[in-house]
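Here is a short report on a single protein chain. It covers surface, cores, sheet pairing and salt bridges.

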Amino acid sequence: MAIVNLTINGRKVTAEAGSTLLEAAEAGGFSIPKLCHHPALAPIGACRMCLVEIKGQRTLQPACTFPISEGMEVQTHSPQVMDARRFVLQLLLSDHPLDCMTCDSTGQCELQDLMYEYGVKETMFPGETHAYAVDDPNPFLQRDYNKCIVCRRCVRACQEINGVEAIGMIWRGFRSKPGTPFDGNLEDSTCEFCGMCVQVCPTGALVPKQSLGQGRVWQLKKTESICPYCGVGCRLTYWTRGNEIVKVTSDWDKQPNRGASCVKGRFGWDYVHHPDRVTQPLIKKDGKFVEATWDEALDLVADKLVEIKKKHGGDAIGVLASAKCTNEENYLIQKFSRAVLETNNVDHCARL
């Protein structure tokens with residue numbers, strides 16, 4: 001790959017040919033603000049927060065879409081650039097609720113962080129504002145269009161990552177917003193509730209309903225783990241407060257899912273706290289289930305298997321593997337079945 005030499009803020013930087021200015025700057029250790037850009041999505045240059053000054057260009061250019069070239073000289077935080085970014089933030093603030101004190105996204109809102117960084121406290125452009133009702137009845141995510149900045153991240157994630165295209169940009173001008181066909185509820189669309197739109201949203205426009213009022217980001221503990229639902233082994237991050245899960249997110253840098261997840265992995269964790277959940281092994285005594293230790297339960301299973309094998313032979317035993325286990329675990333259970341139990345009656349629940 002050819003190497004391109006350029007200068008950013010007076011420092012020499014090298015980057016691969018074909019890179020955007022934003023990619024080259026971040027690789028060189030420079031921070032450029034952005035709102036519509038996301039590493040998992042194709043750049044569109046919509047928000048104009050990443051505007052930079054390039055020598056020889058008549059106007060400021062969006063770093064997320066501008067290709068680098070040999071000898072390019074760039075200023076990422078010149079006075080003209082800073083004024084342009086404040087102007088963009090004031091435009092966004094002209095139609096954005098100032099309820100940060102009660103917003104669930106406080107502390108993890110990219111718009112709020114930029115307002116703080118650039119010292120924007122109020123807008124120069126007061127006028128008409130939206131007053132959308134927050135009334136989508138789906139059980140998984142809340143859509144508050146009043147906090148939407150029309151960055152299109154959610155639309156692009158639905159198209160580019162999940163490939164469902166359940167949402168798109170609807171209406172025109174001041175009424176423009178991401179929505180379903182005919183502006184209906186998500187339940188009535190092709191939405192699979194994978195939660196990718198929630199994951200990429202930079203504001204509080206899309207949030208998990210399960211986490212509403214359960215705590216701000218600094219009140220939660222972050223734990224990386226693996227989704228318990230299938231053998232793919234998706235990496236997920238569990239956010240807990242006290243001893244209870246509040247929400248689940250994903251990380252773009254973690255394999256194998258690279259930030260993606262299904263509806264079960266992202267929203268189907270409430271069984272952990274269900275009062276009917278079995279939390280200890282149960283064995284039958286006198287026809288009734290009673291709680292037991294793991295040693296008692298495993299010894300009982302082992303004794304029964306030995307008894308059946310001695311009396312009827314290994315072919316009297318059948319084993320079902322699980323789609324919720326890893327390939328390695330399923331390999332071990334079939335090996336145990338054939339080598340120890342001496343039976344080939346092995347099947348998999350996903351096939352049945």
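## Ground rules and a surface patch

Patches are made of residues with over 30% relative accessible area and no salt bridge; like charges are joined within 9 Å, and nonpolar side chains (Val, Leu, Ile, Met, Phe, Trp, Tyr) within 5 Å. Accessible areas come from the Shrake-Rupley method with a 1.4 Å probe, and for residues only the protein chains shown count as cover. The model is predicted: local features need pLDDT of at least 70, side-chain atom pairs count only at pLDDT 80 or more, and totals for chains, interfaces and linings use all residues. Residues are numbered from 1 along each chain as its sequence is written, and side-chain values use heavy atoms, with hydrogens and water left out.

Val278, Leu282 and Phe289 make a nonpolar surface patch of about 310 Å². Phe289 sits in strand β14 (residues 288-291). Helices (H or I, at least four residues) and strands (E, at least two) are DSSP runs, numbered from the N terminus. Phe289 counts as exposed because its relative accessibility is 57%. The classes are buried (under 20% relative accessible area), exposed (over 50%) and partly exposed (in between), with a 1.4 Å probe and protein chains only.

In soluble globular proteins, nonpolar side chains tend to be buried together. A nonpolar core here is a set of buried Ala, Val, Leu, Ile, Met, Phe, Trp, Tyr and Cys residues joined through side-chain atoms within 4.5 Å. The largest core has 20 residues, and Leu6, Ile8 and Leu21 touch the most other members. At least two residues each come from β1 (3-8), β2 (11-16), α1 (21-27) and β3 (51-54). The largest share, four residues, is supplied by α1.

What does Leu21 touch, leaving out residues up to four places away in sequence? Its contacts (heavy atoms within 4.5 Å) are Leu6, Ile8, Val52, Ile54, Ala63, Phe66, Ile68, Met72 and Val74. Apart from this core lies another, of 18 residues, including Tyr145, Cys158, Leu186 and Phe267.

## The five-stranded sheet

Strands β2-β1-β5-β3-β4, in that order, form an open sheet with mixed pairing. β2 and β4 (61-62) are the edge strands; each has a single partner strand, so one side of each lacks a neighbour in the sheet. Two strands pair if DSSP finds at least two bridges between them.

β3 and strand β5 (residues 73-75) run antiparallel and are joined by two bridges. Within this pairing, Glu53 stands opposite Gln75 in β5.

## Strands β10 to β12

β10 and β11 pair in the antiparallel sense over six bridges. Ile226 has Arg235 as its bridge partner in β11. On to the next pairing: β11 and strand β12 (residues 244-249) run antiparallel and share five bridges. Thr237 is bridged to Thr249 in β12.

β11 and β12 form a hairpin with two residues between them. Gly242 in the turn has a positive phi of about 70°. β11 is mostly covered, with five of its seven residues buried.

## Salt bridges

How many salt bridges are there? The count is 12, taking a salt bridge as a side-chain nitrogen of Lys or Arg within 4 Å of a carboxyl oxygen of Asp or Glu. One of them joins the side chains of Lys147 and Asp99 (3.3 Å, N to O). Lys147 lies in the loop between β6 (141-143) and α4 (153-160), and Asp99 in the loop between α2 (79-93) and α3 (110-117), so the pair ties together parts 48 residues apart in sequence. Lys147 counts as buried at 9% relative accessibility, while Asp99 counts as partly exposed at 26%. Not counting residues up to four places away in sequence, Lys147 touches His96, Pro97, Asp99, Cys103, Thr203, Gly204 and Ala205.

Arg143 forms a salt bridge with Asp136, with the closest N and O atoms 2.7 Å apart. Arg143 is buried, with a relative accessible area of 10%, and Asp136 is buried at 8% relative accessibility. Glu224 forms another salt bridge, with Arg235, at 3.2 Å between the closest N and O atoms. This pair links Glu224 in strand β10 (residues 221-226) to Arg235 in strand β11 (residues 235-241), 11 residues apart. Glu224 is partly exposed at 41% relative accessibility, and Arg235 is partly exposed at 29%. Salt bridges that share partners join Glu224, Arg235, Asp251 and Lys254 into one network.
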